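Please look over the protein shown below before reading the briefing that follows.

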Amino acid sequence: MQGLHLTADLYQCTGDTSIFIDEVALADLCRHQTELSGLTIVGEKWVTFPEYQGEPGGVTGAILLAESHLAIHTWPERGGVTLDVYVCNFSDDNSGKAQQLLDGIIAAFNPTQIQRNHLIRGDQDEPSEAELLWENINPDSVYGFRFKRRVLSKKTQFQHLELLESKDLGLTLRLDGCLMTAENEEFFYHETLVHPAAISHPNPRNALILGGGDGGALEELLKHNTIESATLVDLDADVIEVSKTYLQRINKGALDNPRAKVLVGDGAQFIRETTEKFDLILLDLTDPETPAGPLYTPAFFAECKKALAEGGAMVIHLGAPFYEPEQIRRLNTDLQAVFAQVNAYGLHIPLYGAYWAMAVVSDSLIPTAIDAAEVEQRIQQRDITELQYYNNAVHGALFALPTYYKKLLTTD
């Protein structure tokens with residue numbers, strides 16, 4: 001019968017040690033989360049493995065559900081957990097309950113890294129046309145897309161990298177279970193990350209992108225004929241190489257452009273050590289809850305400010321105001337503590353499932369200070385073409401914020 005199978009591999013967990021080695025504690029956790037999700041327990045079995053070479057053994061357990069099962073194994077010596085939940089959706093759609101159960105257990109283990117998989121399973125007579133993958137937008141909300149095939153799946157030095165193909169999205173890059181960019185949709189994010197700040201700057205010549213190994217932001221930046229040099233620093237060489245090979249429709253060869261310097265390394269270290277000054281710094285990072293978290297701090301923002309040339313600006317994405325209000329408040333407060341001008345803006349990004357927040361921050365550059373006529377003049381002067389989202393009217397509209405979003409930015 002048609003159902004949903006969720007798996008999660010958890011790494012470097014920092015949760016309570018007892019749930020790794022004590023089958024009673026682990027069973028209590030799993031039962032509690034199962035009951036909270038609304039799924040029905042019909043049986044269970046738990047086994048604690050003996051010590052090995054002075055290290056405590058892990059626990060293996062399974063809960064039989066009226067809807068199917070939960071299975072888990074802990075690896076205390078590695079701080080790791082393997083976890084899967086399967087639910088049948090024959091008479092009712094239990095997908096939301098399965099996702100809640102998985103997320104509740106993950107939260108208790110508090111992993112540093114997660115590798116997730118979502119598999120739609122169906123009858124032979126009615127096979128699913130494509131794999132449906134869900135993504136969390138916060139602990140209580142998910143969204144998803146169907147992908148007809150997996151083009152690539154590999155473990156890099158830093159993360160799990162996947163390329164998936166969708167009818168609507170085209171080739172789509174996924175890192176550690178999070179959707180990053182897609183061929184048919186990337187312009188929503190990349191154009192609005194780059195052009196509001198770049199157009200607002202009267203003469204941007206030297207720019208820096210931290211992250212952005214797919215090359216999409218770099219491609220947009222190089223549309224400005226004023227740019228003489230654009231440096232991109234990404235931690236993961238595999239992301240860059242895969243993007244060069246598979247994501248040419250996104251980056252259009254920008255990663256090999258003679259005006260671009262593409263470096264593999266730690267963006268934070270680069271900022272600390274560089275003596276260059278940049279007119280624009282674009283933080284094209286994964287989200288704050290990922291290993292990029294240390295780059296969303298006042299200390300790092302201050303380091304970026306030191307690397308800005310006079311009149312320069314930094315751009316950062318903040319998250320989803322409706323689903324992540326506390327994150328928006330915190331980041332806005334942190335940015336205001338460092339920069340004199342914090343100009344927030346936003347738009348709906350289909351791949352991210354929500355209206356998304358960004359900000360142009362600077363001590364002097366104000367993107368709302370130029371009108372539509374001047375925006376259009378600069379677009380023409382810089383010979384910027386092939387825009388799918390950004391234009392002179394959209395520039396101002398991006399900074400016209402919904403009231404609920406504006407309230408998140410209000411400080412006492």
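The mean positions of the 31 positive and 58 negative charges of the protein lie 4 Å apart, where Lys and Arg count as positive and Asp and Glu as negative, with His and the chain ends not counted, and where each charge is placed at NZ of Lys, CZ of Arg, CG of Asp or CD of Glu. This is a predicted model, in which local features need pLDDT of at least 70 and side-chain atom pairs count only at pLDDT 80 or more, while totals for chains, interfaces and linings use all residues. Residues are numbered from 1 along each chain as its sequence is written, and side-chain values use heavy atoms, with hydrogens and water left out.

**Overall dimensions**
- Along the principal axes, the C-alpha atoms fill a box of roughly 70 × 50 × 45 Å.

**Burial and contacts**
- Of the 412 residues, 55% count as buried, that is, under 20% relative accessible area with a 1.4 Å probe and protein chains only.
- Among contacts (heavy atoms within 4.5 Å) with a separation of 6 or more, 64% come from residues 24 or more positions apart.

**Secondary structure**
- The protein has 13 helices and 19 strands, these being DSSP runs of H or I with at least four residues and of E with at least two, numbered from the N terminus.
- Strand 7 (residues 131-138) and strand 8 (residues 141-147) run antiparallel and are joined by seven bridges, pairing being assigned if DSSP finds at least two bridges between two strands.
- A hairpin of two residues links strand 7 to strand 8, and Leu 132 stands opposite Arg 146 in strand 8.

Note on methods:
Buried < 20%, exposed > 50% of the residue type's maximum accessible area, 1.4 Å probe, protein only.
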